[in-house]
Amino acid sequence: MTNQELIAALAKRLSWTQRQTSEVLEATVSIINSNLEENNSVNIQGFGLFETKKKAERISVNPVSKQRFLVPPKITLSFRPGQTIKENLKKLEINE
């Protein structure tokens, strides 16, 4: 599903214009982004948990040249699906 398809589906379900829906979606994504930039987790009930995790620096080895190099620390985004999504996905696997 593309961004435009999502906006169209939401607009139809909410009986809003696509412009209103687009603005609400952009504001929602902006709020989520700003919270994640501040290292706050975002829990959307029934959907899942977005959180940032710090990965420590590590030493990696190039398998071809056997050269070792240092990989710097970084912050990554992780997502843990909520129980509702997990149950829905289990039902999909059983039915297929």
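**Figure 1. The salt bridge between R80 and E51.** In this predicted model, the side chains of R80 and E51 form a salt bridge with an N to O distance of 3.5 Å, a salt bridge being a side-chain nitrogen of Lys or Arg within 4 Å of a carboxyl oxygen of Asp or Glu. R80 is partly exposed at 47% relative accessibility, whereas E51, at 17%, counts as buried. In these terms, buried means under 20% relative accessible area, exposed means over 50%, and partly exposed lies in between (1.4 Å probe, protein chains only). Side chains of opposite charge can pair when their charged atoms come close.

**Figure 2. The salt bridge between E23 and R19 in helix α2.** A search of the whole structure finds two salt bridges, and one of them is formed by E23 with R19, whose closest N and O atoms are 3.6 Å apart. Because E23 and R19 are four residues apart in helix α2, about one helical turn separates them. E23 is partly exposed, with a relative accessible area of 47%, while R19 counts as exposed at 66% relative accessibility.

Figure 3. When residues up to four places away in sequence are not counted, F47 touches F79, P81, G82 and I85, a contact being defined by heavy atoms within 4.5 Å. The C-alpha atoms of F47 and R80 are 8.8 Å apart in space, although the two residues are 33 apart in sequence.

Figure 4. I44 is found in strand β1 and is partly exposed, with a relative accessible area of 32%. Leaving aside residues up to four places away in sequence, I44 is in contact with I32 and F50. I44 and I32 are twelve residues apart along the chain, and their C-alpha atoms are separated by 10 Å.

Figure 5. L25 is located in helix α2 and counts as buried at 18% relative accessibility. Its contacts, again without residues up to four places away in sequence, are with N3, L6 and I7. For K54, which is 29 residues from L25 in sequence, the C-alpha to C-alpha distance to L25 is 28 Å.

**Figure 6. A nonpolar surface patch that includes V24.** L14, W16 and V24 make a nonpolar surface patch of about 260 Å². Patches are made of residues with over 30% relative accessible area and no salt bridge, in which like charges are joined within 9 Å and nonpolar side chains (Val, Leu, Ile, Met, Phe, Trp, Tyr) within 5 Å; accessible areas come from the Shrake-Rupley method with a 1.4 Å probe, and for residues only the protein chains shown count as cover. V24 is placed in helix α2 and is partly exposed, with a relative accessible area of 40%.

Figure 7. S15, in the loop between α1 (3–14) and α2, has a phi near 60°, a positive value in a residue other than glycine. S15 is exposed, with a relative accessible area of 66%. N39, in the loop between α2 and β1, likewise has a positive phi, near 65°, and is also a residue other than glycine. N39 is partly exposed, with a relative accessible area of 43%.

Figure 8. The domain assignment gives domain 1 (1–38) and domain 2 (41–95), with bounds that come from an automatic or database domain assignment, and the C-alpha centres of the two domains lie 24 Å apart. The mean pLDDT of the protein chain is 92, and 96% of its residues reach 70 or more, pLDDT being the predictor's confidence in each residue, from 0 to 100. Among the elements of the chain, helix α2 (residues 18–37) has the highest mean pLDDT (95) and helix α3 (residues 83–95) the lowest (81). Where pLDDT is low, the predicted coordinates should not be read in detail.

**Notes to all views.** Residues are numbered from 1 along each chain as its sequence is written, and side-chain values use heavy atoms, with hydrogens and water left out. Local features need pLDDT of at least 70 and side-chain atom pairs count only at pLDDT 80 or more, whereas totals for chains, interfaces and linings use all residues.

How values were computed:
Helices (H or I, at least four residues) and strands (E, at least two) are DSSP runs, numbered from the N terminus.
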